[in-house]
Structure formats: structure tokens, C-alpha cells
Amino acid sequence: MEVLKVSSRSVPNSVAGAISGVIRDKGAVEVQAVGAGAANQAIKAIAIARGYLAPVGIDMICIPAFANVEIDGEERTAIKLICEQR
């Protein structure tokens with residue numbers, strides 16, 4: 001599954017476009033965010049992506065989970081948002 005990493009400086013509309021493209025091509029994508037700001041941008045992007053996909057008949061769902069990721073040699077907990085077609 002393709003992984004999209006979101007930061008607090010990510011532009012939600014751009015991330016939404018990327019999510020929509022992967023959902024159309026592969027049917028599922030994993031969105032990862034570390035920190036409150038990144039999680040906020042990721043959630044906004046997912047909401048926007050649903051709006052992009054709904055007119056073409058794709059009902060996207062999101063399953064939240066945690067993931068351990070390594071950043072600069074340090075283990076951090078990330079929010080993992082698995083998005084897929086219903």
C-alpha cells in the first residue's frame with residue numbers, strides 16, 4: 001500500500017489531490033502524520049478528498065490506527081489513516 005506522509009506545513013488541497021489519485025488508481029492509501037499539526041492537516045485533506053471522489057461514485061472510508069516510525073534515529077508514534085473505497 002502506498003504511504004503518504006503529511007506534515008504540519010502540508011497544504012490540505014494538495015494532499016487531497018494525491019489521496020484521490022492513489023484511491024482512483026490503487027483503491028487504497030495509507031496517510032501518516034506525526035504530531036497534532038500534521039494530524040490536523042491530514043484529516044482536512046481526507047475530508048477534501050472525499051469531496052473530490054464522491055462525484056465520480058467513489059465512497060472513501062478512513063480507518064485510524066497507530067504506527068511506530070523512526071525519525072532522525074528516534075522512534076515516534078504516528079497516526080496512520082488507512083483510506084480505501086467502501
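**Exercise 1. Identify the residues of the largest nonpolar core that touch the most other members, and state which elements supply the core.**

*Solution.* Of the 20 residues in the largest nonpolar core, Ile19, Ile23, Val29, Val31, Met60 and Cys83 touch the most other members. A nonpolar core is here a set of buried Ala, Val, Leu, Ile, Met, Phe, Trp, Tyr and Cys residues joined through side-chain atoms within 4.5 Å. Buried means under 20% relative accessible area, exposed over 50%, and partly exposed in between (1.4 Å probe, protein chains only).

Next, the elements: β1, α1, β2, α2 and β4 each supply at least two residues of this core. The largest share, six residues, comes from α2. Helices (H or I, at least four residues) and strands (E, at least two) are DSSP runs, numbered from the N terminus. In soluble globular proteins, nonpolar side chains tend to be buried together.

The model is predicted: local features need pLDDT of at least 70 and side-chain atom pairs count only at pLDDT 80 or more, while totals for chains, interfaces and linings use all residues. Residues are numbered from 1 along each chain as its sequence is written, and side-chain values use heavy atoms, with hydrogens and water left out.

**Exercise 2. Determine the strand order of the sheet and explain why β1 and β3 stand at its edges.**

*Solution.* The sheet is open and has four strands in the order β1-β2-β4-β3, with mixed pairing. Two strands pair if DSSP finds at least two bridges between them. β1 (3-6) and β3 (60-71) each have a single partner strand, so one side of each lacks a neighbour in the sheet. From one strand to the next, the twist averages 25°.

The pairings can then be taken in order:

- β1 and β2 run parallel and are joined by four bridges; the bridge partner of Val3 in β2 is Glu30.
- The chain passes from β1 through α1 to β2 in a right-handed β-α-β crossover, meaning that, with the strands pointing away from the viewer, the path from the first strand over the helix to the second runs clockwise.
- β2 and β4 pair in the antiparallel sense over six bridges; Ala33 stands opposite Ile79 in β4, and Val29 has Cys83 in β4 as its bridge partner.
- β3 and β4 (residues 74-85) run antiparallel, joined by 12 bridges; among the facing pairs, Cys62 stands opposite Cys83 and Met60 stands opposite Gln85.

**Exercise 3. Describe the surroundings of Cys83 and Ile23.**

*Solution.* Cys83 is found in strand β4 and is buried, with a relative accessible area of 0%. Not counting residues up to four places away in sequence, Cys83 touches Ile23, Gly27, Ala28, Val29, Val31, Ile46, Met60, Ile61 and Cys62. Under the same exclusion, Ile23 touches Ala28, Val29, Leu53, Ile58, Met60, Cys83, Glu84 and Gln85.

**Exercise 4. Classify Gln41 and Asp72 as buried or exposed, and locate each.**

*Solution.* Gln41 lies in helix α2 and counts as buried because its relative accessibility is 11%. The side chain of Gln41 makes polar contacts with the side chains of Asn40 (3.5 Å) and Lys44 (2.9 Å). A polar contact is a pair of N or O atoms within 3.5 Å; within protein, one must be able to donate a hydrogen and the other to accept it, and residues adjacent in sequence count only if both atoms are side-chain atoms.

Asp72 is located in the loop between β3 and β4 and is exposed, with a relative accessible area of 79%. The two strands form a hairpin with two residues between them, and Asp72 in the turn has a positive phi of about 55°, although Asp72 is not a glycine.

Terms used. Axes fitted to C-alpha atoms, helices over the stretch in contact; angles between N-to-C directions. Contact = heavy atoms within 4.5 Å.
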